[in-house]
Amino acid sequence: MQVEQNLQKAYRSIFDNDFEGAIHWFEQALAEGQDNADIHYRLSITCARSGQLEKAIHHARLAATLEPAHKEYKSHYDRLQSKELTLMAKKLVEKSQDPVRGLAKSAVALLERAVQLDPLSVIAQLWLSIAYGELQQYTLALRAVREALQLPQDEAITKQLQQLEQRFASKINQSSS
């Protein structure tokens, strides 16, 4: 069966760290079995690893739609959507000049949804705290930082979160004095 041969070639490509090749072979397998949720799921993972977020989301959505009861497909789709929302919000926060106006508020809305979709996303929590800080909502910013600190992360992010925690705690103390 050609689908199985294409899948074997895709897995071999992954083993060889050739993600572009793996994407090609997964796509070839899908050309013969488009309604296969598992192939869409695996292609989505491979696309995400290759930095092709839009394509990864597309295939994750298809996998979750084809098999709505499959929790792993739904969870993967949610994580990718969270990542996309976080990236969109990050751009808004970086462009925000006047926190009273819409960009930071829009970023908060996107990030709150991102955190809802993937509660384990340290990056979404980090950017949520920054967006709240831009809006001078320091209590909410501090809460987001502390929630992020409870999640597993690398040392560099931990240091950044601790610095934000001190900054927002200081702002709260200044305003209550």
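How much area do domain 1 and domain 2 bury between them, and what share of it is on carbon and sulfur atoms? In this predicted model, the two domains bury about 400 Å² between them, with 85% of that on carbon and sulfur atoms.

Let's start with the layout. As for who takes part in the contact, domain 1 brings six residues and domain 2 brings four residues.

Now zoom in on the domain 1 side. A48, L53 and I57 lose the most area to domain 2, and together they make up 86% of what that side buries. Two helices, α3 (37-49) and α4 (53-66), each supply at least two residues of the side that touches domain 2. Of the elements there, α4 gives the most, with four residues.

What kinds of residues are on that side of domain 1? Here's the breakdown by class:

| Class on the side of domain 1 that touches domain 2 | Count |
|---|---|
| Nonpolar | five residues |
| Polar | one residue |
| Charged | no residues |

And what about polar links between the two domains? Across the interface of domain 1 and domain 2, the count of salt bridges is zero.

To put the picture together: the domain 1 side has five nonpolar residues and no charged ones, and 85% of the area buried between the domains is on carbon and sulfur atoms.

Definitions and conventions:
Residues are numbered from 1 along each chain as its sequence is written. This is a predicted model: local features need pLDDT of at least 70, side-chain atom pairs count only at pLDDT 80 or more; totals for chains, interfaces and linings use all residues. Side-chain values use heavy atoms; hydrogens and water are left out. Contact means heavy atoms within 4.5 Å. Buried area is the accessible area (1.4 Å probe) that two parts lose on being put together, summed over both. A salt bridge is a side-chain nitrogen of Lys or Arg within 4 Å of a carboxyl oxygen of Asp or Glu. Ala, Val, Leu, Ile, Met, Phe, Trp, Tyr, Cys and Pro count as nonpolar, Asp, Glu, Lys and Arg as charged, and the others, Gly among them, as polar.
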